[in-house]
Amino acid sequence: MADFTLVDTHTHLNDSKFAGSEAEVIARAKEAGVTRLINMGDTLQSSAKAVELAAAYDGVYAGVGIHPEEIYELGAADDEQLSAWTREKRVVAIGEIGLDYYWEKDEEKRALQRRMFIHQLDLARQLHLPVCIHDREAHGDTMAILKKEGKGLKGVLHCFSGSYEMAQEIYKMGWYIGVDGPLTYKNAAKLPEIVEKFPLERILVETDAPYLAPVPMRGKQNEPAFVRYVAEKVAEIKGISVENVAKQTSESAEELYGI
Ligand code: NI
């Protein structure tokens, strides 16, 4: 049993890879000190599953939203469904939402991603909820949209992959960056340097399980228990104790998500 507790602020036990093993995975997380976790939705179906898991397990929270890889024009029925879910137990965010230009090369579809993104930012504002942002190879448009359409909102750039300059802009907005497995990889590029310089108070730790397992679990199916390896890496880079990282990132998760 760990002598500190952590929050996995972004995970996907609602993914089919965990079907049937959710209870065991949550138990292993708690054994490792990961007492709270937030499952983010990517589709209506996975959002429904996230809501269901939040209702069923203590310490399990949910975000609901449509991911940019799931491209379609959102309408009133989607808004009604997403809004209804946010009134359920332990549903704390709209997410994950954003832009993915890595998977999407078509300009018209990218324009549709931007509309979906803005639409859901607007919904989050109406519902007074924080947002969890997915941004892959779309840094310029993500920041332009957040500056214009993100007013009055709080959120996190999950699995942060931008520059230090971008991180500073996020800091000035009062937002957070989320770090996960890639921080521990040899090809982590500029991320360790950003984590070293960026204030701990605005860093959240996450797994994005079942993908992106951190070293030394790389290659295995990722799960919330492994968020401790991310926290340990943050501690190593910053030259502070993992207890300190656990305490501060947990407080930040509480502040952003009201958990
Ligand atoms: Ni995710």
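In the predicted model, Leu-212 is found in a loop that runs between strand S8 (203–205) and helix H8 (227–238). The relative accessible area of Leu-212 is 30%, so this residue is classed as partly exposed, a term that covers values between the limits of 20% and 50%. When residues up to four places away in sequence are not counted, Leu-212 is in contact with Cys-159, Asp-180, Gly-181, Pro-182, Tyr-185, Thr-207 and Asn-222. Leu-212 and Ala-76 are separated by 136 residues in sequence, and their C-alpha atoms are 34 Å apart in space.

The model also holds a nickel ion, which is coordinated by four residues: His-10 and His-12, each through NE2, Glu-96 through OE, and Asp-208 through OD. Along the chain, the donors of the nickel ion are spaced as H-x1-H-x83-E-x111-D. Distant parts of the chain are linked by the pair His-10 and Glu-96, which are 86 residues apart. His-10 belongs to strand S1 (residues 6–11), and Glu-96 belongs to strand S4 (residues 91–100).

The angles among the 4 donor atoms range from 87 to 177°, and the site of the nickel ion is irregular. A tetrahedral assignment would require all angles to lie between 85 and 135 degrees, whereas the range at this site extends to 177°.

Two of the coordinating residues were also examined for accessibility. His-10 has a relative accessibility of 0% and therefore counts as buried. Glu-96 is likewise buried, because its relative accessibility is 3%, and the buried class takes in values under 20%.

Conventions. Residues are numbered from 1 along each chain as its sequence is written. This is a predicted model: local features need pLDDT of at least 70, side-chain atom pairs count only at pLDDT 80 or more; totals for chains, interfaces and linings use all residues. Side-chain values use heavy atoms; hydrogens and water are left out. Donors are N, O and S atoms within 2.8 Å of the metal (3.2 Å for Na, K and Ca); water is not among the atoms, so sites may look incomplete. Four donors count as tetrahedral if all angles lie between 85 and 135 degrees; four count as square planar and six as octahedral if opposite donors are over 155 degrees apart and all others between 65 and 115; anything else is irregular. Helices (H or I, at least four residues) and strands (E, at least two) are DSSP runs, numbered from the N terminus. Buried means under 20% relative accessible area, exposed over 50%, partly exposed in between (1.4 Å probe, protein chains only). Contact means heavy atoms within 4.5 Å.
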